[in-house]
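My entries follow in the order in which I made them.

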Amino acid sequence: MSSLDDLYRRVIMDHYQKPRNRGEFEDGALTVNMNNPTCGDRIQLQMKIEDGKVTDARFTGEGCSISMSSASMMTEAIKGLTVEEALKMADLFSRMMKGEATEEEIEDADLGDIEALQGVSKFPARIKCATLAWKAMEKGLREQPN
Amino acid sequence: MNAKEIRKLFPILNQKVNGHRLVYLDSAATSQKPIQVIEAIDRYYREYNSNVHRGVHTLGTLATDKYEGAREKVRKFINAKETAEVIFTRGTTTSLNFVAQGYARNFIGEGDEIVITQAEHHSNFIPWQQIAKKTGATLKFIPLAEDGSITVEAAEQTITPKTKLVAMGYVSNVLGSINPIKEVAKIVHRYGGVMVVDGAQAAPHLKVDVQDLDCDFFAFSGHKMAGATGIGVLYGKRYLLEKMEPIEYGGEMIDFVELYDSTWKELPWKFEGGTPIIAGAIGLGAAIDFIESIGIDEIREHEKKLVDYAMERLSEIKGLKIYGPKQRSGLVTFTMEEAHPHDIATVLDAEGIAIRAGHHCCQPLMKWLNVSSTARASFYLYNTEEDIDALVQGLIKTKEYFGNVFSG
Ligand SMILES: Cc1ncc(COP(=O)(O)O)c(C=O)c1O
């Protein structure tokens, strides 16, 4: 099952088992709901934005190991990034899933745990799982008032 | 019947997927096609491709004969009274929407009731939900029994003199339950309503006799019964179809066209506007010949044995939960403690085993089951016990794989 091991990296399973930033903010936050209609996965993503920066993020939802671990990693990664930087990362992630990002780009971006999700690109049926949380983040940041 | 021999008639099954013998357990989504069907469609395009009911040339006549011959095969297959009651459509979804738009929308109004269940496929759910919204009719649900099946008693308690239409799946694509259509139809008729049946999961797997069921409309898809995609059937009782307006206007369906009005062809062509799905219908005819050469009752018996065996083997796996009643059609829907349905499907796929994971177009039912997604293995005449053994092996592997990851 070597190719399966490419998909289910230990880091991924770690995020799946012990999701970071799982929960909701008591007070207000930018909230985005998104689902994957073909499979029933759904996510609620909340982000705190201050002075053009994502200061905190949390998520709740239901889904497979790939979608939930990806949400966990994404919320970790965007904390502290400017809106612009977060959107840039979403774009890179999307291209990484399609196999269109160069090695250089990926290295330069210093993605940390997220790099483990690269294996998903070899499983076309699962790419949508990985991108769900990122799509939610993109939607939220693009539609926010400022 | 000998499933191992039958399997050889399906070219697609003779291949390796991800290095393993293909084990196709997704026939409830779409069935595979035997060589007889593929060749019938191929022959139409190679030898007599022509439009039907137009012109007088030789090929056109041949195509028309074959197309109308397929209609007669369908009529016999479901025991409709006459071919006028057999309309070719694009599939179950289109057939049900025809009934919703052509019948329900015109003959149902405020104060009336439409009765369905929470176990319906979206294509037998949304049309009624939307018609109820548009007409002001009340949408009601027959409560499901604990195992998800529908009892005659529950139907009796839900259907009232105000009920103008009941729509129900014959066989659930998630639970495998086989619903008491004939008994429910009796109740509906007592109050003067009509019975609409979603037969998508029934027609491929068990004997359907629309006169014996006494249903008013019956919808099914060719692609789930060894035919091509894009062809399906709407059966309707003549007096109801006569009452209905055409749904699609255009060529083929008219009698006389005047400047300010037109008249329609007789049944069933009134409902077949435009160039029909000729190759698909001919393929469906071939699929019916194929099924009848084996025997629908034999197919049902074979699937019964398979599903009993599958239920027994799967219940040996700890942490695996099966949904639906014990008495069922040839499919098993389940979840596993260790792995999400998508993850199960991905691990099985690496072993060459194709199953379905997701909500199976039944979000309201998923809600009722209190799950967001399930895994489903579904069988047809070409499946064998060997396939189920492979599934069980694959699931044990999945369990170990995810179990290890978690404990490591
Ligand atoms: C119970 C049931 N009803 C309706 C449908 C819809 O059939 P189709 O997609 O061929 O229109 C399906 C198939 O997915 C089904 O399983």
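The entries below go from conventions to the interface, the ligand and then single residues.

**Conventions.** I noted first that this is a predicted model, in which local features need pLDDT of at least 70 and side-chain atom pairs count only at pLDDT 80 or more, while totals for chains, interfaces and linings use all residues. Residues are numbered from 1 along each chain as its sequence is written, chains are lettered from A and ligands numbered from 1 in the order in which they are written, and side-chain values use heavy atoms, with hydrogens and water left out.

**Interface of chains A and B.** I looked up the contacts (heavy atoms within 4.5 Å) and found that 22 residues of chain A touch 18 residues of chain B. The buried area, meaning the accessible area (1.4 Å probe) that two parts lose on being put together, summed over both, is about 1700 Å² here, and carbon and sulfur atoms give 59% of that.

I then searched for salt bridges, defined as a side-chain nitrogen of Lys or Arg within 4 Å of a carboxyl oxygen of Asp or Glu. The rule finds one across this interface, and I recorded it as Arg126(A) with Asp343(B), at 2.8 Å from N to O. Nine residue pairs between the two chains, both at pLDDT 80 or more, are in polar contact; that term stands for a pair of N or O atoms within 3.5 Å, where within protein one must be able to donate a hydrogen and the other to accept it, and residues adjacent in sequence count only if both atoms are side-chain atoms.

On the side of chain A that touches chain B, the elements giving two or more residues are α1 (2–7), α2 (10–17) and α3 (65–78) of chain A, with helices being DSSP runs of H or I of at least four residues and strands runs of E of at least two, numbered from the N terminus. The largest share, four residues, comes from α2(A).

**Ligand.** Which residues are around the ligand? Taking those with a heavy atom within 4 Å, I listed Thr92(B), Thr93(B), His121(B), Ser123(B), Asn173(B), Asp198(B), Ala200(B), Gln201(B), Ser221(B), His223(B) and Lys224(B). Among the distances, I noted 2.5 Å from a ligand nitrogen to an N or O atom in the side chain of Asp198(B), and 2.7 Å from a ligand oxygen to an N or O atom in the side chain of Gln201(B). For Thr92(B), a backbone N or O atom lies 3.5 Å from an oxygen atom of the ligand. By the Shrake-Rupley method with a 1.4 Å probe, the protein covers 83% of the 390 Å² of accessible area that the ligand has on its own.

**Salt bridges over all chains.** My search of the whole structure gave 36 of them. One pairs Asp6(A) with Lys122(A) at 2.9 Å, N to O; Asp6(A) is in helix α1 of chain A and Lys122(A) in the loop between α5 (103–109) and α6 (127–143), so the pair ties together parts that are 116 residues apart in sequence.

**Backbone details in chain B.** I found a cis peptide bond between Leu267(B) and Pro268(B), with omega about 0°, and placed Pro268(B) in the loop between β12 (262–264) and α10 (278–294). Asn79(B), a residue other than glycine, has a positive phi near 55° and lies in the loop between α3 (58–78) and β4 (86–89) of chain B.
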